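Open the model in your viewer and keep the sequence beside it. This tour tells you what to select at each stop and what is there.

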Amino acid sequence: MPPESPDQIVRDFLDKDEGVIVYLSDDSVFTRALRNIVSRVIGLRRETLLPYSSTEAAMGKCLELRDAETPCVIFVERMIGNQPSTDFIIRLKKEFPEVTMIVLTWEATHETVAYFFEL
C-alpha cells in the first residue's frame, strides 16, 4: 500500500480528526493564503484555521483546545510586530507539552534554528 500523500494527511487531520490550525501572526497576506489553501485546495468548509495576532488571545485558544482535547497544530511567526515570539513558545510548551508547533521565519541563522528546536 503506497504511503499517504501530504495533502491526504492534512485533510485527514482537519476532517476526520476534526483538528484545527492555530496561526499566530500579524501577516494578513499569509493568513489569507493559508485560508485559501484550507478552503479551496483541501476543500474543507468548516472553520479549521484560527488566526490570531495577539499572543494572549492565541494562548487562550490553545489552552481551550487542550482542555477540549481538540487536536491542533500551531503556526507561530518568529516575530510578532517587533517582538520575538520566544516567550509565547516557551509558555505554550510548558502549558501544552504535546502540542505540535511550527515556527515560521523568513530567515534564520543555524544558531536560531537550533535554539527554536531546543525550545
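**Stop 1: the end of α3**

Select Glu-69, which comes after α3 and has a positive phi, near 55 degrees. Bear in mind as you go that this is a predicted model. Glu-69 sits in the loop between α3 and β3. Most residues other than glycine have a negative phi. Glu-69 is not a glycine, yet its phi is positive. Is Glu-69 buried or exposed? Its relative accessibility is 72%, so it counts as exposed.

**Stop 2: along α3**

Now select residues 55-67, which make up helix α3. Check its length first. At 1.5 Å a residue, the 13 residues should span 18 Å. The end C-alpha atoms of α3 are 18 Å apart, which agrees.

Go to the start of the helix and show Ser-54. A side-chain oxygen of Ser-54 comes within 3.3 Å of the backbone nitrogen of Glu-56.

Which residues of α3 are buried? Color Ala-58, Met-59, Lys-61, Cys-62, Leu-63 and Leu-65. Note that Lys-61 is on that buried list. Against what do the buried residues of α3 pack? Their partners are β1, β2 (49-52), β3 and α4.

**Stop 3**

Take the two links in turn. Arg-66 meets Asp-67 with an N to O distance of 2.9 Å. Arg-66 also meets Glu-95, here at 3.8 Å from N to O. Glu-95 belongs to helix α4 (residues 86-95) and Arg-66 to helix α3, so this pair ties together parts that are 29 residues apart in sequence.

- Arg-66 is partly exposed, at 26% relative accessible area.
- Asp-67 counts as exposed, at 56%.
- Glu-95 counts as partly exposed, at 32%.

**Stop 4**

How many salt bridges does a search of the whole structure find? The count is five. For another one, select Asp-12 and Lys-16, whose closest N and O atoms are 3.6 Å apart. Both residues lie in helix α1 (residues 6-16). They are four residues apart, about one turn of the helix. An α-helix has 3.6 residues a turn, so residues three or four places apart point the same way.

The two ends of this bridge differ in accessibility. Buried means under 20% relative accessible area and exposed means over 50%. Asp-12 is therefore buried, at 14%, and Lys-16 is exposed, at 63%.

**Stop 5**

Select Glu-18. It is in the loop between α1 and β1. Glu-18 has a positive phi of about 55 degrees, although it is not a glycine. With 54% relative accessibility, Glu-18 counts as exposed. Compare it with the residue at Stop 1: Glu-69 also has a positive phi, near 55 degrees.

**Stop 4**

Zoom in on β3. Strand β1 (residues 20-24) is joined to β3 by five bridges, and the two run parallel. To find one of the pairings, select Val-22 and its bridge partner in β3, Ile-74.

Turn to the other neighbor, strand β6 (residues 100-104). Five bridges join it to β3, again in parallel. Select Val-76 with its partner Val-103, then Phe-75 with its partner Ile-102.

**Stop 5: inside β3**

Finish with residues 72-77, strand β3. Why is β3 described as largely enclosed by the rest of the structure? Six of its six residues are buried, so it is largely enclosed.

Show the side chains. In a regular strand the side chains alternate between the two faces of the sheet. Cys-72, Ile-74 and Val-76 point one way from β3. Val-73, Phe-75 and Glu-77 point the other way. All are buried, and Glu-77 is among them.

Definitions and conventions. Residues numbered from 1 in each chain as written. Predicted model: local features only at pLDDT ≥ 70, side-chain atom pairs only at ≥ 80, totals over all residues. Heavy atoms only, no water. Salt bridge = Lys/Arg side-chain N within 4 Å of Asp/Glu carboxyl O. Buried < 20%, exposed > 50% of the residue type's maximum accessible area, 1.4 Å probe, protein only. Pairing = 2+ DSSP bridges. Expected span 1.5 Å × (residues − 1). Contact = heavy atoms within 4.5 Å. Polar contact = N/O pair within 3.5 Å; in protein donor to acceptor, adjacent residues only side chain to side chain.
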